[in-house]
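Here is a short report on one protein model. Look at the structure first, then read on.

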Amino acid sequence: MGTSQNPQGRGPVLPSEALLEMTAGHVVAQLIYVAGKLGIADLLKDGPRGAGELAQATATCERALYRVLRALASLGVFAEDADGRFALTPVAQWLRSDVPGSLRDYVVFVGEAWHLRPWEEILHSVRTGRPAFDVAHGAPAFEWLGRHPEAAQAADDAMTALTAHFAPALIEAFDFSTAASLVDVGGGNGVLLAAILRACPNLRGLLFDLPYAIEGAGARGHFAAQGVSDRVELVAGSFFESLPAGADLYLLKDILHDWSDEECVAILRNCRRAVAPTGRILAIERVVEPGSAPSPAKLLDIEMLVMLTGRERTEEEFRALFEAAGLRLSRVLRTRSPWRLIEAVRP
């Protein structure tokens with residue numbers, strides 16, 4: 001049997017050991033969830049603290065909490081000193097709720113019971129090609145979330161956290177200032193559009209999403225916080241029906257991966273009808289690498305298999321989607337993030 005090098009420096013690892021370590025992935029995710037849910041990183045921002053003090057602050061069992069923190073420290077999420085106190089590491093800093101780009105809401109979302117439940121039914125998805133979410137919860141994901149506002153809020157908070165974290169990398173990779181007007185299609189509460197407008201003082205924006213999302217965008221206040229409220233319009237509607245027409249740039253972040261090929265083509269055709277003659281469509285998506293090359297998109301693709309009807313796609317698959325919608329993929333830009341910017345124009 002061959003061996004591989006252990007990333008933590010323990011020397012060569014047998015393939016069997018590597019396989020067994022992979023099966024602990026769910027344990028790691030749930031440990032991070034516990035730390036996020038309890039707000040441990042916030043409690044450590046002023047310096048190291050012991051498990052007893054942290055347990056008292058979080059109403060948890062001291063011994064149990066110590067075991068959780070010890071395991072996380074072994075992974076580099078926290079650091080344990082000789083006195084058994086725990087401190088933040090560069091990784092743990094992103095679990096703080098008070099830092100720009102915090103990922104706390106995202107890791108909590110990942111570990112919530114309602115989000116984990118469909119994974120128990122993953123064989124249903126593998127056997128049928130249909131979302132396990134529907135079996136686990138008795139309804140498609142978006143329909144179910146519409147009836148469970150707390151879960152919907154958690155999902156929205158998670159997506160907002162991810163977008164805010166990587167927004168600077170997305171904005172630096174594309175010159176948004178070359179457009180005079182931008183429509184953020186399915187832009188949720190507007191966190192990305194607000195950041196783009198702040199970076200481009202001459203750009204006007206329109207946030208387009210379902211009525212509940214547009215209402216939430218007003219309540220969130222991202223545009224006011226960025227000082228761009230006078231350059232944005234909020235419009236409610238469905239991207240499966242029609243889009244506000246005439247803008248130079250139509251932005252779709254993490255929209256296409258939610259939907260089947262047929263549904264994506266319908267969305268993109270509406271973009272083609274709406275965009276100005278010399279305008280562009282910009283999809284922000286993860287792109288699957290060919291072959292067995294490592295790619296985070298390949299793991300997220302399984303999330304889409306379990307939860308929704310969509311999937312992550314290769315560059316060629318995106319090209320085919322655009323062509324089916326009467327568009328031409330003009331370029332794919334890499335970013336300092338898991339996403340790429342996929343630009344399309346009319347032929």
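## A hairpin and its strands

A hairpin joins β11 to β12 through five residues. Strands here are DSSP runs (E, at least two residues), and helices are runs of H or I with at least four; both are numbered from the N terminus. The model is predicted: local features need pLDDT of at least 70, side-chain atom pairs count only at pLDDT 80 or more, and totals for chains, interfaces and linings use all residues. Residues are numbered from 1 along each chain as its sequence is written, and side-chain values use heavy atoms, without hydrogens and water.

Strand β11 (residues 328-334) runs antiparallel to β12, with six bridges between them. L333 stands opposite L341 in β12. Strand β10 (residues 280-285) is also joined to β12 by six bridges, again antiparallel. There, I281 has A344 as its bridge partner. Two strands count as paired if DSSP finds at least two bridges between them.

## A covered strand

How many residues of β12 (residues 340-345) are buried? Six of its six are. Buried means under 20% relative accessible area, with a 1.4 Å probe and protein chains only. R340, I342 and A344 cover one side, while L341, E343 and V345 lie on the other; all are buried.

## A three-stranded sheet

Another set of strands forms an open antiparallel sheet in the order β3-β5-β4. β3 (49-50) and β4 (78-80) stand at the edges with a single partner strand each, so one side of each has no neighbour in the sheet.

Two bridges join β3 to β5 (residues 85-88). R49 stands opposite F86 in β5.

## Domains

The domain assignment, automatic or from a database, gives domain 1 (15-99) and domain 2 (164-287 + 307-345). Their centres, taken over C-alpha atoms, are 36 Å apart.

How values were computed:
Buried < 20%, exposed > 50% of the residue type's maximum accessible area, 1.4 Å probe, protein only.
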